[in-house]
Amino acid sequence: MKTHRIEVQRIKGMSSAQGMLHVQLDATVLPGVVKDDVEPSSWLSLSEASARTLQLLLKTQFAQIDGRKARSQR
């Protein structure tokens with residue numbers, strides 16, 4: 001498994017289609033460091049401002065998805 005360290009520089013936009021959320025962003029991707037005693041994983045790092053932006057965009061997208069469901073599925 002390849003591990004990566006992803007640093008989000010800027011979130012440009014977000015959309016959803018066919019059950020997938022698509023995020024347009026500027027980011028740097030660096031190879032991750034794997035330690036012997038830790039299971040490999042990838043890291044996503046973002047500033048507090050980017051995290052708040054992502055949270056607001058996710059809330060908006062989920063509200064749109066929930067709005068398209070039939071009333072019996074809400």
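Two strands are taken as paired if DSSP finds at least two bridges between them. With that criterion in mind, I turn to the structure above, which is a predicted model.

I begin with the strands. Strand 1, residues 4-17, and strand 2, residues 20-31, run antiparallel and are joined by 12 bridges. Within this pairing, H4 stands opposite P31 of strand 2. The hairpin of the two strands has two residues between them, and Q18 takes a positive phi near 55 degrees there. Strand 1 also pairs with strand 3, residues 43-45; these two run parallel, with three bridges between them. Here R5 has W43 of strand 3 as its bridge partner.

I now come to the charged side chains. Opposite charges on side chains can pair when the charged atoms come close. The structure contains three salt bridges.

R5, already mentioned as the partner of W43, also meets E7 in a salt bridge, at 2.2 Å from N to O. R5 is partly exposed, at 39% relative accessible area, and E7 is likewise partly exposed, at 22%.

The second pair I shall discuss is K12 and D26, whose closest N and O atoms are 3.1 Å apart. K12 is partly exposed at 42% relative accessibility, as is D26 at 29%.

Finally, E48 forms a salt bridge with R52, with 2.8 Å between the closest N and O atoms. Both residues lie in helix 1, residues 48-68, and are four residues apart, about one turn of the helix. E48 counts as exposed, because its relative accessibility of 54% is over the 50% cut-off.

Definitions and conventions: Residues are numbered from 1 along each chain as its sequence is written. This is a predicted model: local features need pLDDT of at least 70, side-chain atom pairs count only at pLDDT 80 or more; totals for chains, interfaces and linings use all residues. Side-chain values use heavy atoms; hydrogens and water are left out. A salt bridge is a side-chain nitrogen of Lys or Arg within 4 Å of a carboxyl oxygen of Asp or Glu. Buried means under 20% relative accessible area, exposed over 50%, partly exposed in between (1.4 Å probe, protein chains only).
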